[in-house]
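Please keep the structure open and find each residue as it comes up.

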Amino acid sequence: MRSNLERRYRALLRVLPAWYRAEREEEMVGIFLADRTDGLDLEHGWPGWGETGATLALSVRVRLGARRAAGTVLRAVALTGLLGQLVAAAQSWTVTARVGFFGDVQGWWYDVAAAVAFAALVAGRRATGRVVAGLLGLMALVPAVWSVAVGFPSWWALVWHGPALVTAAAAVAGFHREAPPVSRRWWLVAPVGLVAGIASVVFTPGLSTRTMLAAWLIAAVVVAVLRPWSVREPVSAT
């Protein structure tokens, strides 16, 4: 007869895919209950916070793992979003070279963070890439929340910070330690996107909402043409 604690553990494991539970549920429940033999605990106990967090994290890793369509799409969204920010950086540098620096220090930090996150993820430095992408998301979240709080969310804030937040969330969730290696073709995608970004603002008077939208569009087109996900890469054993 199952105890209440065992039923609660089994309910927690339902966050995992059915095929994974079919293979591992009995083993995992046995491990969870191994040190919890007190009768009162078995009747009234609950899964610990650490076990709950680990199970939720495992669910994300399994669902977004190698050869899982959801994980492949999420990682492509993350890298395409970071590429869009690199294209916007190339636009900003080009305009700055023509008209001079106009004091956009926050934009400069965006450029650096996007470049570091993109390079780290493609190079296989997932922990560094996720941390920097998370910081990039926070840098986008604060001004976005502020613009909504004051009751005047600008189009610029929506155009720029919305995709940046999606990019950061996709990078943090998609590049877990069991994710497959990133195709090296992304190293080719980056300079193509940067050149396209520079070319897009050579004859424009300055940065605008239109150039920001163009940056995301250029990134999407470059990725769609070069199709870096189509290159077969070995699946990491770790």
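1. Helices in this note are DSSP runs of at least four residues, numbered from the N terminus. With that in mind, please remember throughout that this is a predicted model, and that residue numbers start from 1 along the chain.

2. Although Arg-227 is not a glycine, it has a positive phi of about 45°. Is Arg-227 buried, exposed or partly exposed? With a relative accessibility of 41%, Arg-227 counts as partly exposed, because that class covers the values between under 20%, which is buried, and over 50%, which is exposed.

3. Helix packing comes next. Two packed helices are described by the angle between their axes and by the distance between those axes. For helix 5 (residues 69–99) and helix 10, the axes come within 8 Å and cross at roughly 130°, which means that helix 5 is oblique to helix 10. The crossing of these two helices, helix 5 and helix 10, is right-handed.

4. A second pair to look at is helix 2, made of residues 18–33, and helix 4, made of residues 49–63, which pack with their axes 14 Å apart and at an angle of about 160°. Helix 2 is therefore roughly antiparallel to helix 4, since angles over 145 degrees are counted in that way. The crossing of helix 2 and helix 4 is right-handed.

5. How many salt bridges does the structure hold? There are 8 salt bridges in the structure. One of them joins Glu-25 to Arg-10, and the closest N and O atoms of that pair are 2.9 Å apart. Because Glu-25 lies in helix 2 and Arg-10 in helix 1 (residues 4–12), this pair ties together parts that are 15 residues apart in sequence. Glu-25 is buried, with a relative accessible area of 17%, and Arg-10 is buried too, with a value of 8%.

6. Glu-25 also forms a salt bridge with Arg-21, where the closest N and O atoms are 3.9 Å apart. Arg-21 and Glu-25 are 4 residues apart in helix 2, so about one helical turn separates them. Arg-21 is partly exposed, its relative accessible area being 22%.

7. Another salt bridge is formed by Arg-61 and Glu-178, with 3.3 Å between the closest N and O atoms. This pair links distant parts of the chain, for Arg-61 is in helix 4 while Glu-178 is in the loop between helix 8 (155–174) and helix 9 (186–200), 117 residues apart. Arg-61 is buried, with a relative accessible area of 14%, whereas Glu-178, at 31% relative accessibility, counts as partly exposed. Elsewhere, salt bridges that share partners join Arg-2, Glu-6, Arg-10, Arg-21, Glu-25 and Glu-26 into one network.

8. Which residues make the nonpolar surface patch of about 440 Å²? The patch is made by Val-131, Leu-135, Leu-138, Leu-141 and Val-145. Of these residues, Val-145 lies in helix 7, which runs over residues 126–149, and Val-145 counts as partly exposed because its relative accessibility is 48%.

Methods
This is a predicted model: local features need pLDDT of at least 70, side-chain atom pairs count only at pLDDT 80 or more; totals for chains, interfaces and linings use all residues. Side-chain values use heavy atoms; hydrogens and water are left out. Patches are made of residues with over 30% relative accessible area and no salt bridge: like charges are joined within 9 Å, nonpolar side chains (Val, Leu, Ile, Met, Phe, Trp, Tyr) within 5 Å. Accessible areas come from the Shrake-Rupley method with a 1.4 Å probe; for residues, only the protein chains shown count as cover. A salt bridge is a side-chain nitrogen of Lys or Arg within 4 Å of a carboxyl oxygen of Asp or Glu. Buried means under 20% relative accessible area, exposed over 50%, partly exposed in between (1.4 Å probe, protein chains only). Axes are lines fitted to C-alpha atoms, for helices over the stretch in contact, and angles run from 0 to 180 degrees between N-to-C directions. Angles under 35 degrees count as roughly parallel, over 145 as roughly antiparallel, 65 to 115 as roughly perpendicular and the rest as oblique. A crossing is left-handed if the near helix is turned anticlockwise from the far one by less than a right angle, and right-handed if clockwise.
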